[in-house]
Amino acid sequence: MPFSDESLVAQSLRGDAQAFAELVTRYTAPIFNLAFRLTSDRAEAENVTQEAFLRAYTALPHSRTDLAFKPWLFQIAVNLCRDLARKKRPTAFAEMTTDEEAAPEEAIEDESPLPLDQVETRELGQALARAVADLPEVYRAVVTLRYTEELAYEDIASVLKLPVNTVRTHLFRAKAMLRKALAEWEPES
């Protein structure tokens with residue numbers, strides 16, 4: 001049975017380097033995924049992921065260990081992405097491009113659907129990924145933290161330093177924007 005985050009944090013604070021390595025292993029993919037969705041840049045996402053763990057490791061002895069590790073780590077990553085976005089502010093959002101091949105696909109592979117259905121599902125997943133990428137940054141963050149990382153509203157509020165009701169409002173508005181974007185979507189013929 002794997003150790004809890006709290007147990008690994010406690011072991012790490014007692015000097016067990018392997019315990020922090022386990023936290024890194026556990027959260028590298030989720031942190032990278034969040035960073036990639038917020039930056040739309042693979043190299044920047046790798047840098048943010050690495051920097052988030054470095055900052056967490058450095059700050060761990062001075063942090064509040066009574067709070068959950070996962071939301072705290074996600075908060076560090078979101079803040080790094082925000083800092084990065086501020087540095088890149090001169091580029092207009094409309095001018096940004098996404099790497100279509102690097103965008104994660106939301107399609108679930110299943111052997112039973114017909115090939116055309118599989119193509120349509122994959123295209124819909126890509127359309128959804130593009131629609132999420134086109135959302136304003138805070139909406140992208142809320143959608144990613146809720147549906148990809150499966151954080152509770154309270155944890156999202158903690159990560160983004162927003163009131164819980166604001167998180168709910170942002171999520172409501174983001175879903176409305178996604179519905180509108182996908183309502184116009186038609187499979188390529």
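At 24% relative accessibility, R26 counts as partly exposed, a class that lies between buried (under 20% relative accessible area) and exposed (over 50%), as computed with a 1.4 Å probe on protein chains only. This is a predicted model, in which local features need pLDDT of at least 70 and side-chain atom pairs count only at pLDDT 80 or more, while totals for chains, interfaces and linings use all residues. Residues are numbered from 1 along each chain as its sequence is written, and side-chain values use heavy atoms, with hydrogens and water left out.

R26 forms a salt bridge with E22, their closest N and O atoms being 3.8 Å apart; the term requires a side-chain nitrogen of Lys or Arg within 4 Å of a carboxyl oxygen of Asp or Glu. Both residues lie in helix α2, four residues apart, or about one turn of the helix, and E22 is likewise partly exposed, with a relative accessible area of 32%. An α-helix has 3.6 residues a turn, so residues three or four places apart point the same way. D5 joins E22 and R26 in a network of salt bridges.

E51 is partly exposed at 27% relative accessibility, and R55 is partly exposed with a relative accessible area of 40%.

R86 and D83 form another salt bridge, with 2.7 Å between the closest N and O atoms. These two residues are three apart in helix α4, so that about one helical turn lies between them, and D83 is partly exposed at 30% relative accessibility.

## Course of α2

At the start of α2, a side-chain oxygen of D16 reaches to within 3.0 Å of the backbone nitrogen of Q18. Further along, α2 bends by about 45 degrees at Y27, with a proline, P30, following within four residues; the bend is the angle between axes fitted to the seven residues ending at a position and the seven starting there. α2 is followed by S40, whose phi is positive, near 60 degrees.

The protein has eight helices and zero strands, where helices (H or I, at least four residues) and strands (E, at least two) are DSSP runs numbered from the N terminus. Buried residues make up 34% of the 189 residues. Among contacts (heavy atoms within 4.5 Å) between residues at least 6 apart in sequence, 63% join residues at least 24 apart.

Leaving aside neighbours within four places in sequence, I31 is in contact with T49, A52, F53, L73, F74 and A77.

## A buried glutamate

E149 lies in the loop between α6 and α7. E149 is buried yet has no salt bridge, the nearest side chain of opposite charge being K70, 4.8 Å away; here Lys and Arg count as positive and Asp and Glu as negative, while His and the chain ends are not counted. Apart from neighbours within four places in sequence, E149 is in contact with P30, N33, K70, F74 and T144.

Technical notes. Polar contact = N/O pair within 3.5 Å; in protein donor to acceptor, adjacent residues only side chain to side chain.
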